[in-house]
Structure formats: structure tokens, C-alpha cells
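Work through the exercises below with the model open. Each task is followed by its solution.

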Amino acid sequence: MSLQFFHTHIFPVKDKLYRFALRLLGNTADAEDVVQEVLIKTWNQRGEWPNIRNVEAWCMTLTRNLSIDRKRLHRHYTTEEAASGLPDERLPSPFQAAVAEEYTVNIQKALNELPEKQKLVMHLRDIEGQSYQEISEILDMPLNQVKINLFRARQYIRETLLKTERYGL
Amino acid sequence: MDYKLIRDLLDKYFQGNTSLEEETQLAAFFRQNTQMPDDIKAYAAWFGYLREQRAVKSSAPAPRMVTPAPARPFWIAIKTISRIAAVLLIGFGGFRLFSPRSQEINTEKTAAIDWSKYEAETPEEAFRLTSKALKRTSAELNRGAARAVEKVFNVKEQQ
């Protein structure tokens, strides 16, 4: 029963967990390690599953906590590397073939310039499609702060896109 | 194409007021359309970037403890069963050979003797048989004691 639940409800979330860990750590190997650790810890706590309201959000929170712990341990990453988020070399980019390269460069740059909280809120909402309530739980952040951070992050991205369109900056 | 709806949704989106459904609608619009007014096209790069990020996948396999064990080949199962059967057979054979068989034989021998032939039929006969048995016992004991005394004297003489 537990095994079946794991394979139908928890294991399929691993890509989300990976992207979130990658956003937090900026390193594919560390992100993979964190995902493994989350899956193992989640399995080991299978007795608690009936008490968890939202297993996916619970896994995301665990991913966040383990990523933060790992980040503290590996302080040798520069702020620039850690902030770079998802690296460029992973997948061939159909997107880059379709739009001007300067857009991608400017989006990456703008994302790197965002404060950590704004970056994480935006990631959880715009890439993972989490609700405000889930983001609030995962990041342990009040609901109004979630909305404010998302608003500011999107405003900054909008300005960047419009500047790129006007001036190609 | 109703671009006004898209423009309104984009404004709402950048104000942080869209629902998840509306955001899905925007993502679908930018995925399905390449031709659009320039003011909307400026945002296509952003939604393309988000789409690209959603495609990133982990290569992590399921942890070993949650991977079901592969089915054992038939011949391995047969081999295991044979081993268990051999051990059980040897154990059962040993048990039958050494433990209760001797008792069964004694019981059979005992059962074959008809003890009723040796029982006394009158009190006088019982008295006679008992006296005879006691006399024989006494004689054996006396003979044993005399031999022991004789041995002790022999040892003293040799000293």
C-alpha cells in the first residue's frame, strides 16, 4: 500500500523537487542529491503520511530545508553561482532558437538580481504552479508576503522585458 | 484572436492578481501562437522561458528500498525448495532412527512374556518363593563380602 502510494503520489513529484532544489542550490549534482535524500526521508516517514494534508507541499518544504542545510555546508559556492539558478547546459533550448538571445540573457540576469524570496516565490508559482497557500506553507511565509514578493518579482521582470524590447539592453 | 483579453490578462498577471487557470491560459496562448502584436510579443520570451524551465527533469532513480525486488527465476526457486526439502528429510530421518524406536522394541518384548505363569497361586507358595529369593540375595551378598575381606588380606600380606 505504502509502496503503491509512493510510486503514484510522491515519486512523480521528483522533477518539481529537483527544479526547486536546483533553484535554491544552483548546482545539478547537489540538487540530485537533495532529491534522493527527500525521497528516502519521505519513505522512512511513511507512517506519518496519513497525517500530512498535502504530501507534495510537505516534500517541497523538506526540499527547501535540506537545500538550505546543504547550502550552509557548501559555502564555497559564490553568490553569483548560487544565484544563477538553473544552469544553461542541461537541455537543448527550442526557446533560444525561437527568440532573440538577448531576451534569454536579460531574463537570466534579471532573475539573478531578484532577492532570494522573490525568486523562490516566483519559481513556485510560475514554474511549479503552486497555489499561494502552498507557497506560504513551503516557504514558511505569510500569505500577504507571498503576494507582495510575487508582485515585485513580476514587476521587475516586466520592466526588464520592456527595456529589452525598447532598447535591446 | 481577442488580443484585448490577452492584454488584460497580462496586466493582471504582472500585478500578481491572476488565478492559476488564467496563468495556464496565458501560457497556452504563447505556446500556440507565434504571430501577435509587438506589445504582446515582448512577453513571449518570458513565457517561453517558463515553459523551458518546466521541462527540466531529474534523472534520479527511485531509492533502492522502494524498488520492488525483481522476480526470481524459476530454476532458483526450485533449487531453494530442493535444499529445504533435503534438510527436512535428513532431520526427520535422524529423529525416526535414534529416538523412539528402542522403546518400542522393549515394549514389544515385554508384551511377549506371559507373567501370569510365574505368579504364586497360594499364600504358602508366595512365602516360599519370597524366602528363596531373599536367601539367594543374602548368599550373594555374603559371598561378595567374603571375597572383599580376602582381597584386603592379600594386599596386607604383600605389603
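This is a predicted model: local features need pLDDT of at least 70, side-chain atom pairs count only at pLDDT 80 or more; totals for chains, interfaces and linings use all residues.

Residues are numbered from 1 along each chain as its sequence is written, chains are lettered from A in the order in which they are written, and side-chain values use heavy atoms, without hydrogens and water.

**Exercise 1.** Describe the secondary structure and burial of chain A.

Solution. Take helices as DSSP runs of H or I with at least four residues and strands as runs of E with at least two, numbered from the N terminus. Chain A then has 10 helices and 0 strands. Next, count a residue as buried under 20% relative accessible area, exposed over 50% and partly exposed in between (1.4 Å probe, protein chains only). Of the 169 residues in chain A, 50% are buried. Finally, let contact mean heavy atoms within 4.5 Å. Among contacts in chain A between residues at least 6 apart in sequence, 70% link residues at least 24 apart.

**Exercise 2.** Examine helix α4 (residues 55-73) of chain A: its span, its N-terminal end and its cover.

Solution. The expected span is 1.5 Å times one less than the number of residues. With 19 residues, α4(A) reaches 27 Å from first to last C-alpha, close to the 27 Å expected. At the N-terminal end, Asn54(A) is the cap, with a side-chain oxygen 3.2 Å from the backbone nitrogen of Glu56(A). The buried residues of α4(A) include Cys59(A), Leu62(A) and Leu66(A). Their cover includes α1, α2, α3, α8 and α9 of chain A.

**Exercise 3.** Is Asp126(A) buried or exposed, and which residues is Asp126(A) in contact with?

Solution. Asp126(A) belongs to helix α8 of chain A. Its relative accessible area is 4%, so Asp126(A) is buried. Leaving aside neighbours within four places in sequence, Asp126(A) is in contact with Arg154(A), and with Tyr13(B), Glu23(B), Trp46(B), Leu50(B) and Arg54(B).

**Exercise 4.** How do the axes of helices α2 (residues 20-32) and α4 (residues 44-54) of chain B cross?

Solution. The axes, lines fitted to C-alpha atoms over the stretch in contact, come within 9 Å and cross at roughly 100°. Angles of 65 to 115 degrees count as roughly perpendicular, and α2(B) and α4(B) are therefore roughly perpendicular to each other. In this contact, Leu26(B), Ala27(B), Phe30(B) and Arg31(B) of α2(B) meet Ala44(B), Phe47(B) and Arg51(B) of α4(B).

Definitions and conventions. Axes are lines fitted to C-alpha atoms, for helices over the stretch in contact, and angles run from 0 to 180 degrees between N-to-C directions. Angles under 35 degrees count as roughly parallel, over 145 as roughly antiparallel, 65 to 115 as roughly perpendicular and the rest as oblique. A polar contact is a pair of N or O atoms within 3.5 Å; within protein, one must be able to donate a hydrogen and the other to accept it, and residues adjacent in sequence count only if both atoms are side-chain atoms.
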